Amino acid sequence: MKRFTCLLLLTVGLALTACNKVLDTTPTDFLSPVTYYKTEKQLNFALAAVYDVMGDAGFYKQIYTARMGNEADEGFYARNTVVAGVQVYNFSPTDNDVQNLWKSLYDGINRANVLLASIPSATEVADDIKNVIKGEALFLRAYYYFLLVQHWGGVPLITQPTTSANETAVARSSIRDVYAQILTDMEEAETLVLPAGTVGHGGRINKSAVRGLLARVCLFMAGEPLRDISKYEMARTWAKKIMDDAASAHALNPDYSQVFINYAQDKYDIKESIWEVEFWGNNTNAYNETGCVGAWNGIQSTDQTIGVAYGFINATSKLFNSYAAADLRRDWAIAPFSYSGTTKVMKANTPASALWTRNIGKFRREYELLTPKSNNATPQNMPLLRYADVLLMFAEADNEVNHGPTQEAYNAINLVRKRAFGKLLPNAPNPNEYDLSGMDHESFFQEIIKERSRELCFELLRKQDLIRWGIFVPTMKGIENLIALEASGQYYALTFRNVSDKHLLFPIPAREMALNKSLVQNNNW
């Protein structure tokens, strides 16, 4: 396995000022940034700790994957007993999920800061190795800030290790300044990390992953609330670099379903899956870093052979109806059946209310190879960047730069659509049957909005896309109205009825406000 396996959580001992007055010697009985970071092995342990926060319960392991990342127009939390929480837009600054995500992100940032400050002292390590480690740490710090600025707006910008409890009074930087730091870190990282073809798997940062996230960051900077439209050109450039990278030769897997079967079976396809969060194990021994992919956001099942899953998230009828009948993605992304034991019972398409009863189908436990299957944890990986996303980002940016789609934009989006309709499979008839053409700027943009949902649904991108496009609140109100028409009286409306402008951002956690008196709360919280 090309992965970090058993992760050591770093304990960095810091000498107290009071002790220095008594002892005039270098500490030898604990680890410090001065004495620890000397060898390649030690640096890699430190880097593993920066990655490790992605496996926190409040982050990709569970909560962000199943409760905080899918609350958009694609799906909803399908539990009639849940009346409070982020997933139903009924929460406050004291919400534990909001606090835990904030904590995980800043834990990752501080670990990156400690590592970055210590790399120069690793005199036993070759410069080329140190540069790769530095590049990965810079990128991860930037990525954690990217999630912070998306969800909270301007946040405290900390780029040096926090070594004292007295270093808590840090004011919020502006959104623009946070993004400027993200670009600085990612652009330097792009020059340092290894190419995707050299890394060979999506579990570790590679040059294509950095370029793809730079494209994503630039699209966000071009959208709301910054509206720096000059960044569309940069987004186009970074996505094009991936598309033109002959050495890594990125390409779509011809079979859409196989992309997600690979995640379930711990198989790497670096050409399609450029970056993913890695989970492994089944809670039967000490070496486990399991997640909830497929268990919390999969097809409900009580059968141990299939794999126990809770079906917490259902798709909306809007998502179902956005697919053409021949689009092969629809019945993979949205489960067309339920389980009765090991038997698949097909779902009806009518009445309209029946479409609201379908679970997410992308992450299917039946394909897991590791047994026995744990009831509440899976080894399935979670995609963070796929090549299909790169193609769609390029098409979107090209449309904006040129005030209408060029042939390159059509080529990119049509490649995604060819795969969707099985036209990349061997001997597929009429390969151009579903290609788009002849569209103006606005009609192409509207198609991008739809195509990103059809292709990337439930991959934790939709809500933030709607926000950057400036259509989040009206889109969510439209879903509320759709429920009234199709499933009147159902509990599904709980997810959408509270949505307002304040939900463009999370509240600063109450605990952070109490600890850091320099913080100012977001509007309406």
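**Close-up 1. Contacts of Tyr60 in the predicted model.**

**Close-up 2. The largest nonpolar core.** This core holds 146 residues. Tyr60 and Trp275 touch the most other members. Helix H6, residues 127–152, supplies the largest share of the core, with 14 residues. In soluble globular proteins, nonpolar side chains tend to be buried together.

**Close-up 3. Strand E2 and its partner, strand E6.** Strand E2 covers residues 273–277. Five of its five residues are buried, so the strand is largely enclosed by the rest of the structure. E2 pairs with strand E6, residues 382–386, in the antiparallel sense. Four bridges join the pair. One of them links Glu276 to Pro383 in E6. In a regular strand the side chains alternate between the two faces of the sheet.

**Close-up 4. Cysteines Cys218 and Cys292.** Cys218 is buried, with a relative accessible area of 0%. Cys292 also counts as buried, at 0% relative accessibility. How far is the sulfur of Cys292 from the closest cysteine sulfur? The distance is 16 Å, to Cys457. A disulfide needs the two sulfur atoms within 2.5 Å, so the Cys292 sulfur is too far away for a bond. The disulfide count for the model is zero.

Technical notes
Residues are numbered from 1 along each chain as its sequence is written. This is a predicted model: local features need pLDDT of at least 70, side-chain atom pairs count only at pLDDT 80 or more; totals for chains, interfaces and linings use all residues. Side-chain values use heavy atoms; hydrogens and water are left out. Buried means under 20% relative accessible area, exposed over 50%, partly exposed in between (1.4 Å probe, protein chains only). Helices (H or I, at least four residues) and strands (E, at least two) are DSSP runs, numbered from the N terminus. Two strands pair if DSSP finds at least two bridges between them. A nonpolar core is a set of buried Ala, Val, Leu, Ile, Met, Phe, Trp, Tyr and Cys residues joined through side-chain atoms within 4.5 Å. Contact means heavy atoms within 4.5 Å. Lists of a residue's contacts leave out its neighbours within four places in sequence.
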